[in-house]
Amino acid sequence: MTLLRTSSTTTRMKKRATLLGGVFFALFGLLGARAVYLQAYQSELLTQRAEIRIGKKVKLWGKRGTIEDRNGNKLAMSVSAYAVGVFSRKAALIEDVPRAARRIANILNLSPAFVERGLRKKTYNWLKRPADEREADAIAALKIPGVEVVPFHNRIYPNIGLAGQLIGFSDIDDIKGLSGLEVKYNDYLTPSSTWQSLMWDGKGKLVRLESPSMKSLDGDTLTLTIDSTIQNIAETALEKSVVKHKASSGMAVVMRPVTGEVLAMANYPSFNPNNVKGYSDTSRINRSAVETFEPGSTMKVFLAAAALDSGKVRKNTRFYCENGSYNIKGHTFNDTHEYEWLSLGQVIKFSSNIGVIKMSEIIGRETFEKALRNLGFGQRSGINLPGEGKGIFRDFNKLNSVEFGAVAFGQGISVTAIQLATAFGAIANNGELVKPWVVKRITTPSGEIKKEFASPGSRVAITPSTARFMKKVMATVTQEGGTGTEAALDGYTVCGKTGTAQIIGPDGTYFKDRYMASFAGFVPMEKPELVIVVIVDDSRTGGYYGGGVAGPIFREIAYKSLEHLNVAPEKEQFSSDKLLFALKSEDKQ
């Protein structure tokens with residue numbers, strides 16, 4: 001009995017062992033197959049996962065906010081990039097520093113001596129930023145102790161120097177704005193940050209296995225009133241003329257008189273914010289809003305408007321222009337031609353200095369000063385830009401007779417290009433001055449509008465009847481016999497005024513052979529779409545008068561911009577005869 005029980009137990013044990021053996025055999029078979037699969041097909045992934053190493057925690061920033069034009073075209077943006085740095089304590093483990101420096105320098109296109117100094121420094125330092133992805137991967141693959149590749153954002157300006165002074169630039173860390181709109185709206189453009197551990201795979205390539213959404217850390221988007229097409233038109237026309245006339249510099253402003261929106265602010269020489277180190281501090285300034293200059297004869301239209309609004313001068317008032325020479329207390333003022341009697345309209349058309357001096361004497365100092373201040377001169381316009389100039393505007397009651405006479409034709413005071421555009425906009429807008437602005441809205445990374453902008457304000461600066469009359473007067477300037485014929489356009493009536501002002505030297509006296517040439521005006525006459533101001537500083541060849549130097553620039557900017565905006569030509573363009581008839585009709589009122 002005992003023998004039988006033992007035999008049965010032995011049999012069961014054998015069966016159990018056989019079963020377990022089969023199970024183990026199957027398991028080993030599966031494991032073997034898995035190992036073969038992993039070795040054959042997943043070895044690279046396993047190697048990377050096995051060798052993933054976690055480094056120190058670093059502060060990672062979102063992207064700086066985008067700056068775009070009114071149509072969504074990118075003017076400034078940030079892109080993902082990399083930076084190559086040296087962690088000194090780990091770099092001390094490098095056995096052959098010169099060899100490591102040569103290998104790194106070859107990839108990053110740097111001097112081996114520069115890299116070697118970086119590897120030997122006792123503090124953390126950057127070898128290159130930004131570096132592109134190819135460079136970053138190659139450096140990571142070297143696995144040189146202490147040499148790190150970290151994520152980075154690089155600020156780029158895709159249109160090179162387009163509106164460079166207006167936009168400005170930010171620091172190399174892509175966090176802080178340093179000039180232009182970049183600094184003015186830095187609080188909105190600056191991204192947020194988060195702390196995160198950096199990880200590297202088996203090939204030394206930077207990875208992030210778990211990364212929170214970085215989009216929410218991005219800065220806000222800034223949308224401008226600027227039209228990049230019109231900005232390019234203005235910059236191209238300006239550069240061509242400045243180079244042609246061998247002038248020192250130039251400015252151009254284009255704005256909409258009804259809304260005050262600035263469509264272009266051009267400066268030449270230009271500035272490329274992608275290469276900040278290649279430019280001087282002065283070349284980075286948005287001169288159209290900051291720099292002041294004597295406006296010359298462009299100011300005559302505002303004196304004429306003030307004279308009419310004062311009631312002391314009528315539309316048919318005539319002025320004796322002294323045959324081209326007028327003496328005030330020993331100082332002689334001259335006209336370019338020997339005029340006798342001129343009407344108010346003719347004084348503006350022919351740009352008579354003596355005519356406007358006589359006009360200013362009639363209306364008096366207080367009336368003239370009040371009118372100019374009401375047009376925005378001597379004060380900042382309020383445009384949302386940093387560093388706006390306000391010009392030099394002295395108390396007229398403190399001027400002597402000669403100084404007051406010079407103010408009548410735009411000498412002895414200074415203005416900015418944006419001030420001049422705003423004032424001409426008041427005439428175009430039937431007397432209502434609308435202050436300029438350049439930023440339309442600020443939008444969050446999720447697309448929500450955070451803030452919207454409009455003109456800082458408006459006011460009546462000239463009576464509507466005077467503004468309408470001055471439009472007709474200004475149209476004669478670009479017609480036959482006027483000083484601004486080179487600004488005239490086929491299909492559109494241009495209203496404008498030329499200016500030619502002597503440049504002041506370092507000693508406070510005027511140069512006898514250096515001038516600031518300008519043309520300012522608007523188009524079309526009946527329903528003005530654009531106000532354009534052009535300034536060319538110190539033309540050295542091909543003339544120096546405003547009509548001949550700045551007038552053609554105005555014409556090119558106006559024609560191409562109107563075409564871009566699909567503004568149809570006027571059904572009936574004013575001619576000299578029709579303008580003369582209109583002025584005679586006004587004279588009878």
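**Close-up 1. Salt bridge between aspartate 281 and arginine 284 in a predicted model.** Aspartate 281 and arginine 284 form a salt bridge, with 3.1 Å between their closest N and O atoms. A salt bridge is counted when a side-chain nitrogen of Lys or Arg lies within 4 Å of a carboxyl oxygen of Asp or Glu. Aspartate 281 is exposed, at 58% relative accessibility (exposed means over 50% relative accessible area, buried under 20%, and partly exposed in between, with a 1.4 Å probe and protein chains only). The model is predicted: local features need pLDDT of at least 70, side-chain atom pairs count only at pLDDT 80 or more, and totals for chains, interfaces and linings use all residues. Residues are numbered from 1 along each chain as its sequence is written, and side-chain values use heavy atoms, with hydrogens and water left out.

**Close-up 2. Salt bridge between arginine 70 and glutamate 261.** The N to O distance in this pair is 3.2 Å. The pair joins distant parts of the chain, 191 residues apart: arginine 70 lies in the loop between β2 (67–68) and β3 (74–86), and glutamate 261 in the loop between β9 (249–255) and β10 (262–268). Strands are DSSP runs of E with at least two residues, and helices are runs of H or I with at least four, numbered from the N terminus. Arginine 70 is partly exposed at 21%, whereas glutamate 261 is buried at 6%.

**Close-up 3. Salt bridge between lysine 560 and glutamate 556.** Both residues belong to helix α20 (residues 551–564) and stand 4 residues apart, about one turn of the helix. Lysine 560 is partly exposed, at 36%, and glutamate 556 is buried, at 16%.
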